[in-house]
Amino acid sequence: MSENYKHRVVSKQEIQELFGFTRKHYVAYYDLQTELVDHLANGIEEQWKTNSYISFEDALQVEFKKFGIFGFSDIIEQRQKVLSKRYYKMVGKEMLTFFKVPRIILSLGSMYLIYWLLMHFSYGFEFVMGVTVLMAIIALVLMIRNKKNRTEKKKKFLLEEIIFNYGGAFAVVHVPFNFLNIYFNRIDDNGVVVFYYALIISITLVLLYVYGFICFFYIPKRAHKYLTQVYPEYNKFE
Amino acid sequence: MRKTNLFKGSIHTILLKLLESNDKMYGYEITQKVKEVTRGDLKITEGALYPALHKLEAEGLVDVEVQQVDGRLRKYYKLTEKGQKETVSKLAELEKYLETMQTLLNPKFS
């Protein structure tokens with residue numbers, strides 16, 4: 001074989017077939033697809049170096065078998081786990097940053113205001129819950145509006161999906177409603193909430209408001225910054 | 001004997017060591033390098049390699065870089081500063097373990 005002999009390489013058309021192959025095997029996200037496509041293509045080309053007669057399809061099957069009986073599923077599962085963890089770390093970090101001066105004063109002030117309303121007003125609890133429900137409705141409306149505005153992209157990035165599904169933050173909306181139980185059982189003769197429950201409710205509510213703010217507004221607004229950190233290739237596909 | 005089992009717990013250390021000796025590497029290159037260095041005795045399976053790499057990435061021990069090669073995107077991994085420190089401590093840990101094993105397997109009776 002001459003030194004200039006070039007081994008067969010995976011063509012553009014075959015690369016597209018490999019993308020189709022990963023999608024068929026439940027790899028929904030482009031970030032993972034590109035990595036697996038490159039891996040499979042490298043493996044196929046390696047086979048062609050020793051056996052140029054093997055077909056693309058057969059070589060692909062040989063490579064895919066190397067991933068074991070579960071195929072790509074372990075990799076997908078792990079990637080999801082790792083990126084969800086990364087998202088929650090991101091939320092935690094932003095929450096810590098949030099509780100710095102001057103916003104910490106605002107937060108403590110809000111906690112005190114809620115506490116005061118619960119302790120001193122017969123309808124304090126109803127008022128606080130009403131405001132909370134209103135906030136939840138605003139979050140829901142924003143969520144629906146955002147979903148409508150985001151055009152369906154052909155190339156989905158896993159972390160992007162997590163960010164714009166707000167890391168499942170809407171699931172915490174039910175938490176304040178657990179307070180109803182407290183309300184019905186822990187009010188004194190004047191109709192106000194007993195002090196330690198008022199304290200728990202005020203702290204929890206403010207933490208939930210901040211959590212909601214971070215997940216629904218703060219992180220989605222800065223999504224581009226986070227996504228380019230995790231995916232250097234992200235800029236090319238916007 | 002299934003040789004790979006012995007190495008299961010050491011995959012992160014192996015990856016860190018490989019990335020320390022090579023500036024940056026991509027997944028397939030790593031599998032080939034391990035095969036080459038161990039003369040085929042050890043194979044890092046694809047199913048174990050990528051979750052391990054992604055974990056190192058999430059822990060901030062490796063950083064990623066993407067390049068267009070042969071019409072496709074290639075994701076390279078390279079050690080971060082934190083990763084370099086971690087490599088030193090992981091290797092020391094592994095060496096200590098090997099030493100202990102050595103003593104266990106070849107005890108010196110005095």
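Asp70(B) is located in the loop that joins β2 and β3 of chain B, where strands (E, at least two residues) and helices (H or I, at least four) are DSSP runs numbered from the N terminus. The phi of Asp70(B) is near 50°, a positive value in a residue other than glycine. Most residues other than glycine have a negative phi.

The structure is a predicted model, in which local features need pLDDT of at least 70 and side-chain atom pairs count only at pLDDT 80 or more, whereas totals for chains, interfaces and linings use all residues. Residues are numbered from 1 along each chain as its sequence is written, chains are lettered from A and ligands numbered from 1 in the order in which they are written, and side-chain values use heavy atoms, with hydrogens and water left out.

Chain A contains 10 helices and zero strands. Of its 238 residues, 42% are buried, a term that stands for under 20% relative accessible area, with exposed meaning over 50% and partly exposed lying in between (1.4 Å probe, protein chains only). Among contacts (heavy atoms within 4.5 Å) in chain A between residues at least 6 apart in sequence, 73% join residues at least 24 apart. In the loop between α1 (12–24) and α2 (30–50) of chain A lies Tyr26(A), which has a positive phi of about 65° although it is not a glycine. Tyr26(A) counts as exposed because its relative accessibility is 70%.

Where the two chains meet, 21 residues of chain B are in contact with 27 residues of chain A. Together the chains bury about 2,300 Å², 56% of it on carbon and sulfur atoms; buried area is the accessible area (1.4 Å probe) that two parts lose on being put together, summed over both. Tyr28(B), Arg72(B) and Leu73(B) supply 31% of the area that chain B buries against chain A, more than any other three residues.

Six salt bridges are found across this interface, each defined as a side-chain nitrogen of Lys or Arg within 4 Å of a carboxyl oxygen of Asp or Glu. Arg72(B) forms a salt bridge with Asp38(A), and the closest N and O atoms of this pair are 2.7 Å apart. On the side of chain B that touches chain A, the elements giving two or more residues are α3 (27–37), α4 (46–58), β2 (62–69) and β3 (72–79) of chain B. The largest share, eight residues, comes from α4(B).
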